[in-house]
Each structure stands twice: as structure tokens, then as C-alpha cells.
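User: I'd like to learn how to read helices and strand pairs in a model like this one. Can you walk me through it?

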Amino acid sequence: MRVAMQRFFFAAGPLVGGVACVEGGPGPEETAAAAPTRTPTAPVWSAEEAVQHLDAALALGVPEPTHLAAAYAGAVLQGEPACPGLGTSGATVPGAGVWSAECETASGWGYSGSALYEDAVGEGSRTIRITSSFTITDPDGGRFRGGGEVLYASTTDASGTAWTGQVGGEFGWSGQPGWLGAATSEALYLVGTDAGATASLRLDGGVSSVDATLGFTGLHLDSAACAGDSPVASPGRLHVRDPGGAWFVLDLPGDCTGCGALSQGGTAHGEGCVSLAAVLDAARGDP
Amino acid sequence: MIVVLLLGCAEPAAPPATPTALAVTPLPAPLLLRRLSLDLRGTLPTLAELDAVEADPDAVGALRDTMLVDARLQERLVDVLAEQYLTRADRFTTDAAQFGLDEADTYAFVASAGEEPLRLAAWIAASGQPWTEVARSEYTLANDLLLSIWPLEAAPEAGDADLSGWRPARYTDARPAGGVVMTNGFAWRYSQAVYSRSHAAAVSDLFLCHDYFERPVEFDAASLLAQGELQAATREVPVCVSCHASLDPLAAALLGFYWYEMYDPEEVSHYHPERETLGPYVLGTTPAWYGQPLPSTAALGDALAGDPRFVPCAVERFATGLWRRPVDADDHAVLAELQVAFEAADLAVPALLAALTETDEYRAGGLAADAPSALGDRVATRRLLTAPQLADVVEQLTGFRWVESGWDQLDNDVIGYRLMVGGASPPTSNVTERDHGLTRALVLKRLARDAAATVVEAELETDAPAPRLFTGVDLDTTPADDAFDAQVQILCRQVWAERCDEAERGDLAALWSAVAQADGPAAAWASVVAAMLRDTRFWSY
């Protein structure tokens, strides 16, 4: 028993009183925490600047799986039979298949790396998967980076389309308009519906672009429940990160507006408003 | 046990007990000098240094102080820390070719990635910066290879290159300052488990000496797996909560290193700031430091450096490195004194190293006659040369470095023998052996043979301008000459830091004569050197 005690005691750091005195949380041996000496991280941006950056970034929309898949298919179809040598066995959607290459076509498209693109369209359903590590260069000097995984699954009936999706990794194509041209890294989880006249979208995760890094926690837009450009239908959060790594948080109460309480590091900074119209466009997928 | 721990919290911290003297005998001054030199410079003492301490044993202290400001200390600390950080892995999820490097750069790529966090920590330690910088520094260290493949820029304002060409640099991918924790090398080693939990556990273990894997929890893995909702179990099943309640919020602060495609070179080389907000979605929690909310990952370094366990853990880590054994409860009083010295020096590691080398534990050369029998199991009165020490010292003595196809044979297990010679081979083997064994003897045999042949060829069969070992003989010298006996004594001192007595010199001369008769004087000298390198007095210290 003595040996066992010593072992645990040291694992927990007995020289300063033991982890039980330091940790918080609901662990059974954890008690009140001793506050670490900590220097507050001062934000680089003012609250106004944070809202401006957030609004500008949201105006580009957010990465969405079907749009990304369409862009990818368009790029890979610029290739030649031997470059990148797309293997399309069993694929029914143009651009679907697998390749691994290091080549350039006569028309100036370059393919480096590898990718698998599956796109299964059934009766009332569609599933997409892109697993990739590629760089495609276009003749205009644009660089299409794809390192990660894109997932999408939808069902469609008379009421519309319901879908879930994920964009995780580094996806972006410099020189393209909108989010595709700006985004550099994503970790987005999306749930959407598209009923024609109305649409909804729930967003979690984040996206980095050349100008801003955004985060979403339970952001829920629903044009059936709310009118207006920013139909925030239930409480959620938007985050924007300044160059020093400080996060500003906009708490949206779900009152059918893009306005909410702004804070940084637990300090309130009044109210901020943003437009979410372009974000909701993601719910409708690739036109 | 829980009751005891909780009661412990209610009591004020007891003052440190006065350390009691260990029942050990100290090393003789020349052997202490050898130990210090190997630990602090990675080299054997020179003959002039041995002369100095033979004349005045107290000269060891001044020589130790020069070692603590020697540029080689930084190189040596890389190896000391490597035994604990375990970042020198032979393989990562991406390879050199994916970064556009030549196949010939494969070893350099692997070694560089694994050494990055070690180089940073060693730089902070050797340069006397407060050790808290290991958790807070805005810099890393990089060599030319890493500067060419990772999002890094050199930071010449922070300092010059070290002896191996590593120099201060900073990341350009928006990652927060955070010292070792925020380096790619550390993340590559520890970020592959689910949602950065492994990364968080490593931070806790290495910098707080709080090892989640050592917690005394018991659970039935099969029944948890059968539930199918492991993520929910981490928040609901008490035995799971006991670790995940604090581990997961720490992991949430490290999600900027989470990868969606572990085989994509850019995805794994870049920090992803947008993933810092993923905690609620993938872990069900927001970033926090043991119950204290973290406003951002940028605050993590300060939280770590300010944790009351951080400084005592640093003392434990460096004590483990120089004492060459894990510390335990019986070390409490000595460690407490070391902590006082460390804090008095504003957490400058050289001061801690100086204090450590003054301890009975460090200077132990044998057990006292009245030593309890259990002491022999705890105290390392002799230490094995580690794989990197062995490689460096053999090269110092003979000029031989065991390299095959660009791979250092004592620094990898792809086409090398690091594990066989007793080194850790992470992630499959994380333990540096502290006892001699058969595989180690086999590697030493081969190493000694090739090293001895190399130095004999270079210094006796050709004219070396500055011989390392053979300063007083040539191939015509025989045991009948006075120079022969003098050369053997020089070898004894250089290789073992000991003077050989007449009988031992006679044994070596007899070995020389027997081999010379069969294979000539070059083979004879090679046999003598090889025998000395295989002797315990060379490969332990």
C-alpha cells in the first residue's frame, strides 16, 4: 500500500501539495482550484474592429460541401488522360474517381498529390466524400489546395432537401470569388435544409481565411422561422480571432437578428451586429 | 486514499524536511570530473583537466562552472531532455518526399522534426532564460531543413545559431506563443490521439509531473466499448470523468493542432486557429486549465507557467536527467532544497544543474559500508552511457561515427541500433535502459571494433596531423620501449579517466603482443583500443 500511495502521490505532484489541491472540475478527488498566476492576454483589435472583421468575413459566406465538390470536379476535369490519370471505375459523376500524380498538362494545369472523390447520387439521396492531399495549379496562377476530408449526405423528398456536411482540412482556391478564394483552413460541421422558399443551416466549428479566423458554436439560421437577412432562430455564438490570438465572441440570442452581446475574455464590449445573409446561402448548396 | 488526499489539501504545506545524508561514498575527483564532463558537455575530460584535478581535487568545482557556460551544454541538454520528451520518433505521418526533399534527406527530416522541441527547451535552459519560457516562448529553434519546409522565419534578433546550426525562429501561421507545447515537433509526436487528448496528457506529464496514465483508476473497457458512446462516457461515467474532467478542457485548448488528413504535409505542418473553437463540438467542453476557463489558446502558456506544479516538476525532470533514475518520495527533502536554489536564480537552469551536481546522489560512487540494502536499488552509483553519449564520445576519441546510408546508427531504429544499445525508441519503446544487457554488449562490440580500426588507420597507418589517441608511439614501438608503457597510460586516462596500475598495463601489453604476433602491430593497437572501449570503465560513468 505504501508503494502504491507514493506512486500516485508523485504522479499528482506532492511537492506543492498535490493535484487534488489544484484541479477543478467534477473529478472525485478534485477540490477548489488555486488560481494560477496568469497574465491576461490583451486583444490586438478593438471591439469595433472585431465586429468589422467578423462582418466582412461573413459576407463571403462559408465553405459548403457540394460547392467545394463542384469546384474540385471542375478542376480535375481540366486534366488529360495521363495527367492526373483519373481512375473513374464505377464513378457516375464527372470528376469522381481517384488519382495520384505529379504532372502538368499541355494547357497549363498542374496536379500534385492524390485525391479520392466519391459522389453517389441515388433516388432522393446523395452522398459525397472527398479525401485528399493535393495541390492543383491553374493556368492563371491560382492554387487549389485540398488536404483533408469533405463529407456530405442528403435526402430529398417533396418537402425539400435535408443534409449534413463536414469540411475539415485545408481547402481553398486562390483567385476564385467568395469563400473559395479566401478560405485557407476549415473545421466546419453543417446541418441544412433547403425547402425552396425557405432554408435553414446550423453551423459548428470554424474557418480561417487570408483575412480572418471565424468560429461558430451552434449558430442556427432558419428563414422559415425568421424574416430578414439574419434569421438567427435560436441562441448561438460567433467568434472572431484577432492577430494576437484573442477571441471576440458575439452571443446571438436567437431573436431573428444578427445582433448580440460582444465580449472578449469574459469582458463585455457592448453590442455588435453582423449580416448573415451570405452564410445562409450555404444551406442551398451548389446551384 | 481519497480521504487522505483531501485532508492533505486542508493542511498548510509542511516546511521541507532537512535532507539526510545518503549512505554513499563519493566518486574520486577524476571520475567525478568525467561524470560532469559527460553530463554537461557530452565529452570526456582532457588530460590537462585530469592533471588539474589530480593535483587539486577542489579544482573540479571551477571546471564544472566552465562546463555550465560551455556551448556544448546546449547540445547535451537536447539528449537529456530527449529521454523524457520522447519526441525523437523514427517515423511521422508524412515523409521527406512529401515535402519535396530528396530521399537522402530522410534521416535529417526525421531527426529535425523530432529535435525541434528539444532544441528549443535546451536553448532556453542553457542560455539561462527563465524556465517558464519553455511554456511561453514566442520562438522555436529551427535548422535550414525545417526553415525550408515549415511555416517558419528566422528570428536573428533572438540569438545566434548553436553548434549544430539550429537558430531561433518563429512560426508564421498565426499560432500563439507557447514554447515547446506549440512546436510542430511536439505536436507531431503527441497529436495523433483523439482530439488532442494525447497532446494534453503529454503537457501535463512533462511539465506538471502529473501523468494521467498513472492515475489509479479501474474500469471495464469491454463494457464501456459495448455502450458504444465513449464520448458521452467521458462526461458521464464517474471513473472516466475523474480524468477527462480536467484532461478534455486542456485538450480543447490544443485543437489548433487537430488534423483532418494526417498524410497531408501542409495540413500537419500548419497551425489551424479556427479549430481552437471546436471544443464544445468535438469534446463537449471549452478550453480550461484545471477548472479555470481559458479565454483562448494564447493564454495556455501563461497558465502552464503559472501553475504551482510547474517549477517543482522542472526540478524533478532535471533531477531525473542527472541522477539517471526517476525521483520518488524519498527525494522530497533534497528536491525541495533544489527548488529553493532554482527559484533564487530566477529559474535559470544552469543554477539548478549546478545545485544538482552538488548533491550526494549525483556524486555517489559507491555505497557506504552501512548503507541499507535497498539503497543499491535506488541510487545510480554508475550510469550507462546513453546512445547519443556513446556516439559522441566514441567520435571524440577515435573520429569514428557509425553512419550507414546517412543514418546515424545509434540514433534510429529504422536501420540502426538505438534500441539495442539501450535507448528509447518512441513511440514503441519509451524507456531508456539503465542496466547493461546482451544486445547492448553486441552493439558495443561492433562499435568498438570499427572505432578502434578507424583511429589506428588514421593515426598509425597514416600520418594524422593532430592525433587524438596515439601521441607517443608508431607502428615500430613495442612493449620493450618506454614509450609503449607511457602510451598505454595515456589511453587509460583518456578512455577511463583512471591511471592503470602496473599489472593492468602489463595485461594490455600482453594483449598487444599476442595480437601483434599473429596480425601485426596495427591490429594489436586496434585490439587494445577495442578492449578498452568494451570495458565497463568506458561505457559507464
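Analyst: Let's start with a helix: in helix 3 of chain A, the buried residues are A:P65, A:T66, A:H67, A:L68, A:A69, A:A71, A:Y72, A:A75 and A:V76. Buried means 20 or more other C-beta atoms within 10 Å of a residue's own, with C-beta atoms placed from the backbone. This is a predicted model, where local features need pLDDT of at least 70, side-chain atom pairs count only at pLDDT 80 or more, and totals for chains, interfaces and linings use all residues. Residues are numbered from 1 along each chain as its sequence is written, while chains are lettered from A and ligands numbered from 1 in the order in which they are written.

User: Why is helix 3 of chain A largely enclosed by the rest of the structure?

Analyst: Because nine of its twelve residues are buried. The cover over those buried residues includes strand 2, strand 3, strand 4, strand 5 (160-173) and helix 4 (178-182) of chain A. Helices here are DSSP runs of H or I with at least four residues, and strands are E runs of at least two, numbered from the N terminus.

User: In which sense do strand 2 and strand 3 of chain A pair?

Analyst: Pairing takes at least two DSSP bridges. Strand 2 (residues 110-122) and strand 3 (residues 125-137) of chain A run antiparallel over 13 bridges, and A:G110 is bridged to A:T137. They make a hairpin with two residues between them, where A:G124 in the turn has a positive phi of about 75 degrees.

User: What does strand 3 of chain A form with strand 4 of chain A?

Analyst: Another hairpin, with five residues between the strands and A:G141 in the turn at a positive phi of about 90 degrees.

Methods. Contact = placed C-beta atoms within 7 Å.
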